[in-house]
Amino acid sequence: MDDQELGFKAGDVIEVMDATNKEWWWGRIMDSEGWFPASFVRLRVNQDEPMEDYPLKLEDGREENSRNTAHRYGMGHTNKDQMRTNVINEILSTERDYIKHLKDICEGYIKQCRKRADMFTEEQLKTIFGNIEDIYKCQKKFVKALEKKFNKDYPHLSEVGSCFLEYQNEFQIYSEYCNNHPNACMELSRLTKVNKYVYFFEACRLLQKMIDISLDGFLLTPVQKICKYPLQLAELLKYTNPQHRDFKDVEAALNAMKNVARLINERKRRLENIDKIAQWQSSIEDWEGEDVLVKSSELIYSGELTKISQPQAKSHQRMFFLFDHQLVCCKKDLLRRDILYYKSRISMDNMEILDVEDGKDKDFNITVKNAFKLHCRDTEEVHLFCAKKPEQKQRWLKAFENERKQVQLDQETGFSITEVQKKQAMLNASKPNQSGKPKGKPHTTSIVNCSRTPAARVVTRTYYDFLMRQKHPTLPTNLPQQQVFMLAEPKRKPSNFWQNISRLAPFRK
């Protein structure tokens, strides 16, 4: 529009020459320089070092000192401080916007839904909105902590890293939300096939004066938010001098939030695995006793071993499946080797793993090779196993070690699977597979991807096709305004609010 404005396209990389003004920055693309709106771009994550860290070539080929270059473009020594200020302002600004977002969902949708017991059960609301109310409470406390650490006079001196460290455990509540989100999408998809629910959700949005996005778009925000923290902290660390009082905390906060992201990914993977475990169990013939999922949620290792039983020291070739908390024993069909029959299981919670040397075993009075024992501390019961090769034995010993580590980690992180999730997995496994193909988990990617890309992709096509339909539904012109609002509000005594409702701009036709 102007000679001094810098034109650019989506995806262009702009070298920022002057960022002292909050709203307009001076930048360069190739040989073009000019002003551009700061709000139209976002800072690249993990980019090269800032320009003051290396010399620039002058037209005659000489190298100019980077600090002189900085003065020439009006940045002085404060460019890095200004960039840090911009990142901190972005963190606070996006946090405040997010709080409003959560408030609108809780008050604009959940509050209205609870008034309509004829349309929604509490179980449905839990499925659609998950634990978003808990997230809202957590984020309100977090933003207050950030604001206390914000230095209004010198924003670049703000020490916000400690806030992320303080709330890193609280942020784990996002795991429950992310795991539930696919269920929320499916339930919303089912409800919005009925016009009554379509009009109701749209009326809720308009009453709350929320932006022009459908409910499933709003519900995606917490999933996106938790992946944005590592990106913002990486950018903040980039512009924080090692001598800054906040440097160590920001560095630790970045690692902490990456760990939160990894934990969420791991829990999502575990929940996806329970479907596979349920399908595995449904394929085993002659199953007896409780379901595997009652105690277990992870297959640690599996393979073929020779099991030796007392008192006659009989040996049996069996397939063993080591889950957390239990070892399941199966027998192969004599003719069809792909068919397994259930034989027994061993609880691992009180087991001691004993490495057995090659040679004569005193307890069983036989010669063994590549053997190990499982010894029950409570009953003194002993199980003897032999692998075909030494390396197979070592893999089993390592697997037993990993099983105990997994159990301990689950206890420390509080990981558990609800009864509803277990029952649903078993129900899914019992359904006939219409395609005739082997059952398997749907193709998905990680919920959180803290990559180098400016905006990390956090969802998959399988679950979130609604991204293609972000616009809200159009209300039919023949539907009276009062009828639309009654979808969002139950009948009540007349008030001035309802008398004035026709004056609201969103309902002008």
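I take contact to mean heavy atoms within 4.5 Å, and I take helices (H or I, at least four residues) and strands (E, at least two) as DSSP runs, numbered from the N terminus. My axes are lines fitted to C-alpha atoms, for helices over the stretch in contact, with angles from 0 to 180 degrees between N-to-C directions.

The model is predicted, so I note that local features need pLDDT of at least 70 and side-chain atom pairs pLDDT 80 or more, while totals for chains, interfaces and linings use all residues. Residues count from 1 along each chain as its sequence is written, and side-chain values use heavy atoms, without hydrogens and water.

Entry one: helices on the sheet. I looked up α10 (residues 390–413) and found that α10 lies across β6, β7, β8, β10 and β13 (371–376), at about 125 degrees to β6. Helix α9 (residues 247–283) lies across β6, β7 (314–323), β8 (326–332) and β9, at about 155 degrees to β7.

Entry two: the sheet. I read an open, antiparallel sheet of seven strands in the order β9-β8-β7-β6-β14-β13-β10. Each of the edge strands, β9 (340–347) and β10 (351–356), has a single partner, so one side of each lacks a neighbour in the sheet. The twist averages 35 degrees from one strand to the next. Strands pair if DSSP finds at least two bridges between them; β6 (residues 299–309) and β14 (residues 382–386) have three, in the antiparallel sense. I traced threonine 306 to its bridge partner in β14, cysteine 386.

I found α2 (residues 79–115) packed on α7 (residues 195–207) at about 130 degrees, with axes 9 Å apart. The contact uses Gly108, Tyr109, Gln112 and Cys113 of α2 and Phe200, Phe201, Cys204, Arg205 and Leu207 of α7.
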